[in-house]
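Please look over the model below.

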Amino acid sequence: MAAAGEGTPSSRGSRRDPPRRPPRDGYGVYVYPNSFFRYEGEWKGGRKHGHGKLLFKDGSYYEGAFVDGEITGEGRRHWAWSGDTFSGQFVLGEPQGYGVMEYKTGGCYEGEVSHGVREGHGFLVDRDRQVYQGSFHDNKRHGPGQMLFKNGDKYDGDWVRDQRQGHGVLRCADGSTYEGQWHSDVFSGLGSMAHCSGVTYYGLWINGHPAEQATRIAILGPEVMEVAQGSPFSVNVQLLQDHGEIAKSESGRVLHISAGVRYVQLSAYSEVSFFKVDRDNQETLMQTPFGFECIPYPVSSPAAGVPGPRAAKRGAEADVPLPRRDLELDLGALHGQEDTPGGLLGSSFF
């Protein structure tokens, strides 16, 4: 009985082996001899034409439109070796026109493509979830574009082969802003920066640093100042370069002069230190691109019950002349500021 059923027309028909020749018209399946292709779909005149699915031996596939045997029109292509998938327009087997590329490593691209690479305008999200929208050339960011970085910084300007180059504006997450020329992804050329610390610089930049960078601060005026408690005072300062010239391109630094005055009873001609920095309570350093760190010292009030400056002075004058250095200052309560060319707006930047 079993033998009688073998080789019957019904059993042969159920296997539906692929034909040795491609179908002429209509819908059919064909496996190409001596190749890795299997096609299932519409045919016209013995060629793939219409909608179909082409399978490759490595697991890659294409599903979509065919014209005269070629992958052309709207479709979806998956590459097994990379894990990437493109959905969009094809011409002669290549992504061409507009579409969406999904990357196995993370991220995606939506926009214009040419010969399988990003070309023209598009929207890219990379594996770190950073977002770029703008112009592409040869698969790279090239031309005008906007970028949102993972640290919150935003850039709007020119790109050359995946690097910021030309003119652009960088708005940092900390509030700092740079506008000017770029080269090889760093500030280079003329540009201006308004730093979150209050410093502003306009001038030439070289490899991400100001060309005329201030390296030290000069405090102008007398070494000793007599200040009455509660009264305002001013300090003139200048920013200087290494060779002693005024750094005219930079301004807006804040010199936070704070002092807590402590009066002590001194004998004649005694020696005391004039300034004493409260280093135990200093705040976290602020990094800047200007070659220094900001150290804003805390403010502290004079100790309760300490006599006022004028009363202390009068009491000292009753016995002996008040020495030149007769008080000790802790950075804390008094503030003063005054603009000078290339100078500071009176927190301590040393």
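Gln130 sits in the loop between strand S9 (117–125) and strand S10 (131–137). Strands here are DSSP runs of E, at least two residues long, numbered from the N terminus. This is a predicted model: local features need pLDDT of at least 70, side-chain atom pairs count only at pLDDT 80 or more, and totals for chains, interfaces and linings use all residues. Residues are numbered from 1 along each chain as its sequence is written, and side-chain values use heavy atoms, with hydrogens and water left out.

**Gln130 and its surroundings**
- Gln130 is buried, at a relative accessible area of 13% (buried means under 20%, with a 1.4 Å probe and protein chains only).
- A polar atom of the Gln130 side chain lies 3.2 Å from the backbone nitrogen of Lys150.
- Beyond its neighbours within four places in sequence, Gln130 is in contact with Leu124, Val125, Met147, Leu148, Phe149 and Lys150 (contact means heavy atoms within 4.5 Å).

**Strands S1 and S2**
- S1 (residues 26–31) pairs with S2 (residues 37–44) in the antiparallel sense, over 6 bridges (pairing requires at least two DSSP bridges between two strands).
- Gly26 has Trp43 in S2 as its bridge partner.
- The hairpin of S1 and S2 has 5 residues between the strands, and Asn34 there takes a positive phi near 55°.

**Strands S2 and S3**
- S2 and S3 (residues 47–56) run antiparallel and are joined by 7 bridges.
- Gly52 in S3 stands opposite Gly41.
- This hairpin has 2 residues between S2 and S3, and Gly45 in the turn has a positive phi of about 60°.

Notes. Helices (H or I, at least four residues) and strands (E, at least two) are DSSP runs, numbered from the N terminus. Buried means under 20% relative accessible area, exposed over 50%, partly exposed in between (1.4 Å probe, protein chains only). A polar contact is a pair of N or O atoms within 3.5 Å; within protein, one must be able to donate a hydrogen and the other to accept it, and residues adjacent in sequence count only if both atoms are side-chain atoms.
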